[in-house]
Amino acid sequence: MKVPLSWLREFVTVDAATEEICRRLTMAGLEVETLTRVVPGFTDVFVARVLKVERHPNADRLSLCDVDAGNAGRARVVCGAPNVRAGMLTAFARVGARLASGVHGHGSGSLEEAEPLQAAVIRGVQSEGMLCSELELGLSSDHQGIVELDSDAKPGEPFQTYLKLPDAVLDIAVTPNRGDCLSILGVAREVAALFGCKLRPPKIKGVRISREGSPSEFSFDVEIRAPELCARYAALAMNHITVAPSPLWMRRRLELCGMRALNNVVDVTNYVMLEIGQPLHAFDLRQISGQRIIVRRAGEEREFETLDGTRRALQPDDLLIADAERPLAIAGIMGGRNSEVVASTQSVLLESAYFEPLSIARTARRLNLRSEASYRFERGIDRAGQVNGLLRAAELLGALAGAKPTSRLLDVEPRPAQERRIELKLSYLNSVLGASIPVTEVRKRLKFLGARVETGTRTLVVFPPSFRPDLNEPADLVEEVARLTGLAEIPARLPRREAAVAIVHEERRFEKRLRELMVGCGMVEVKTLAFIAAADNQRFPGFVSIEGGATRAEPARVINPLTAELSEMRLSLLPGLLNALRFNLNREATAFHAFEIGKVFTTVEGIPREQRRLAAISYGDYAMGGVDHPAVKAGFFTAKGILETCFRGLAIEEVSFEPAAPSLAPYLHPGRAAQFSVGGSMLGLIGELHPAEVLRLDLEHPCVLFEVDLATLMTYASRAAVTVNLPPRFPAVRRDLALLVDSEIAAGLVLATVQKLDVELLESVELFDVYQGESIPLGKKSVALACRYRAKDRTLTDEEVNRAHNLVIEQTRSRLRAELRL
Amino acid sequence: MREQLEQIRAQALEQLGDAATPEQIEAVRVRVLGRSGELTEIMRRMPEVPREERPAIGRLVNEIKTQIEERIAVLSEQLKRLAMERSLVEARIDVTLPGLNVPRGWLHPVTQSRERMLDILESMGFEVVETPDIEDDFHNFGALNFPPDHPAREMQDTFFLFGGLLLRTHTSNGQIRVMEQRKPPLAIVCPGNCYRPDELTVRSSPMFGQIEGFMIDRAGVITMAHLKGVLTEFLRAFFGPESAVRFRASFFPFTEPSAEVDISCLLCGGSGCRVCKQSGWTEILGAGMIHPNVLRAVGYDPEEYQGFAFGMGVERTALLKLGVEDMRLFFENDLRFLRQFRSGEAVS
């Protein structure tokens, strides 16, 4: 809401500086977002009366004019404007005046740079100054003629004084609960309440309207068929109208408020809306048939052309204003093309109504048609302001367009407003605020807002004013008192706390550990958007852990995405990481090792699921690089090492890796991809990016990725309770075991098999070599294991170790059909 | 035999001169002292020696053996010392060369900020609770006193999902989720991501983190004064004790009275600059006393319970704290940007 200070000051006298007014409004919840200073774009321009107009002796289109600028003197000027005539009041720039916009608008726009106006000889006649157009004064783009002023302008008055300059415009961000502040009067009321000064609402005089209807020339009815959507409808017919541009002062005010001036009839309706907040509409009376206004739902009506020339599709519940035959307006939102005020209009029907906010909001949103009127109806206008608005408009139309009432005032109110009565206990107010505001202060603040207050000793009975539909229960009043008194007046205190230990969020603690582990492995944390292109979800389908394995899931789709690239919720964190990789490779990076912890979103059988994941990407030189020292490059095993470091760091044992099912990870190299699980639950996937993806992303090196389900990981991490064992007191004996197995058999299987053997004294088994080549038969490989034997209570003899090792050899051979390599 | 022994001794000692190399020394050791060396050979031939001479020859063999062993020990010691001395010169390295790269990563600045905020709040007695990103209308709007079609909803444009669900526009759904499950006293913070249909720009992102906090107890126990106290403490802990905090009246459907909370501009300290639009203040979070309608929606009696709630943007707060001006930097993941936060100290 834009509020020109000069307009505001018509309704409230406040001594404070503009900045202080802005600050107080802002602190009270009416945030002044910008304060724009309005300064004149001219000097030495005065209101002047044209005394006499003669033809220029040497030019048909020019006139010689004698002008009287009161104290600023008289002058004879040459003028080319077609509208110049004797008796008119206009703007006179005397010799020495400066115009930022320049003569004919050719100026630079800067007052400092403008050359002073000089006396000039035009076609042989001396001209002492000039009469100005609005363009030349920087008021509008109008250069059709010179400025025409109302009869109340005083010759000799400096023109900036006439324009009430300098001025300031406050742009206030009005919150949705404060529809009452969508008018100058509403903001003035706030200022009055904040500064404790008197409010002067506009006084309406000079309209004589009968409610009974004796001088009525035009009689009509209003029928409200949807009283639940229209609580009140007031209307008045006026005739003898001359449609013309509004006077300068009114156009200026509309424009300072951000509205466009059209003609005096439309401008008056807008002006009254800005001034007191009641939206109005003017119908061309000629277009209303059957002398009847019907407020009804659209029903069967399918379509309606609004005055902006657009055909709007209607829904049965949309509220319309119609006559006996056809719709004339979409109630509260926009009038119809069929009944709009045009140049030839001589009589109008003025409408001033109260429409149900939610109904207007619903229709306006559906039509995506927000007007200044609908904006106010949605937020709730003064429930009792209809007649007042109508009279104010009638008064202005009379003054500006010569309009005269030609009907009685119709005021139909099928649902009279209920008076609201709120009991506010002082103890409640102070216990919510934690303050001790005295009853006198509470009463004073509420009265300034226009509420009627009956005071008891401990309880106030408050009757909120009709223009504050947001005040319905005690909490609403507490807010009013708090914001007007000032939140700064409420003390700051810390709550009393029992000396309780803070409750630790296990998941957060776990993720903290995990992040530290990843960081320790050289991984940089990144953050990517959860929105993703559908194609990326197809390429990177993620996985959903289920009992005993994993399954694919459907993505969650956004109905109203920002762009097609962000139309689905991610199934996997990997596309985001690959984007980040590509982004950095395009910007000087040669290596990228990063991770993200975040949610992925799946829909399983229509039910959305959110799962937290850890994902990582590793590309390029990874570790131990230096001068003359080649770095270890990222590859499957560096990434697997990182993963295993995390498992170790979380004390998760027994994670088993197996080649990934290609259907599960189509984006991974089929020969270099593993799925891993713990306790039978799928934990995640790791592998090198599929060569096709490497090509698509134009990568030079292999890129390794992994993604882990955090819920599963955490389940097993939190189970890893520590049982303390003393360090062994007796030495272990190592015996190596080299096995020849089919080259197809995974080394991990060989190791796991030996590890699981139930042989007494066998403490641990480690894999230390896998060999294929010379001296190994084709189709076989050698897997070398180090077996460690130990007893708790003695040093083992060779004989004991041999016996145990032979058992291991025997069992391994039979289980793996392996040969012993000697 | 005696002569033979003396010859062995002489030859060995000659070969074990001061210039002997490690190889020569080893050769002498093997030849003379080895398992099948010259002295062993002599000992093997002892039966040939007349019985009465045997003790003398034996002593002589031992003497020579000891002498050569000692000589070898001395020489080896010398050699080691020489080698060590040589290495002091020859094994010199350029210590200014960089070390090998032992990988070390770092945390995203937004994580650092969020964790710091949560640490402070936890230390103040708040318990962290996770709540869902995908929500229904009731938990995101209805229960939070946003009636259908109400203009307040326009404050929060929404992403809708197929299936009648939506992406939460704020973490305030956390209030409802927790209150549905539990009874006061409650002191909860709900961190998480929120979503609104705004392009990724300098100031906005379609996804952003928020932390919602609320404290509820019996009527009269937790007041607006406590809201002011808690938030002032929190903001000073996070932004520094010199920060001024002010509470400005505002409107949110789910709180009443509502407040926007500003801190003194971190750049100019409150004197007014471009960043704070000359106001000296920066908006940092929204807060208020929980609206009675919200309490009613979860079946609490507003006569019985009252409390406060607040919510703040994680990225926005991080931007202010770190003096970063462009939100996009947080989601681009440019290593050259992220690197600067590697110490993890920027937000502590």
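Predicted model: local features only at pLDDT ≥ 70, side-chain atom pairs only at ≥ 80, totals over all residues.
Q: Into which domains is chain B divided, and what separates their centres?
A: Domains are given as residue ranges, and in chain B domain 1 covers 2-90 while domain 2 covers 109-347. Taken over C-alpha atoms, the centres of domain 1 of chain B and domain 2 of chain B are separated by 88 Å.

Q: Which residues gather in a patch of positive charge on the surface?
A: A residue has to have over 30% relative accessible area to be part of a patch. Here the patch of positive charge brings together K198(A), R200(A), K203(A) and K205(A). Of these, K205(A) is placed in the loop that runs between α4 (184-195) and β11 (221-224) of chain A, and K205(A) counts as exposed because its relative accessible area is 60%.

Q: Which residues make the nonpolar surface patch?
A: The nonpolar patch, of about 310 Å², is made by M624(A) and V632(A) together with L100(B) and V102(B). In chain B, V102(B) is found in the loop between α4 (54-90) and α5 (109-123), and with a relative accessible area of 55% V102(B) is exposed.

Q: Is L319(A) buried or exposed?
A: Buried means under 20% relative accessible area, so L319(A), at 2% relative accessibility, counts as buried. L319(A) belongs to strand β17 of chain A, which comprises residues 319-322.

Terms used
Residues numbered from 1 in each chain as written. Chains lettered and ligands numbered in written order. Heavy atoms only, no water. Domains from an automatic or database assignment. Patch = residues over 30% accessible without salt bridge, like charges linked within 9 Å, V, L, I, M, F, W, Y side chains within 5 Å. Areas by Shrake-Rupley, 256 points an atom, 1.4 Å probe, with all protein chains shown as cover. Salt bridge = Lys/Arg side-chain N within 4 Å of Asp/Glu carboxyl O. Lys, Arg positive; Asp, Glu negative; His and termini not counted. Charge placed at Lys NZ, Arg CZ, Asp CG, Glu CD. Helix = DSSP H or I, 4+ residues; strand = E, 2+ residues; numbered from the N terminus. Buried < 20%, exposed > 50% of the residue type's maximum accessible area, 1.4 Å probe, protein only.
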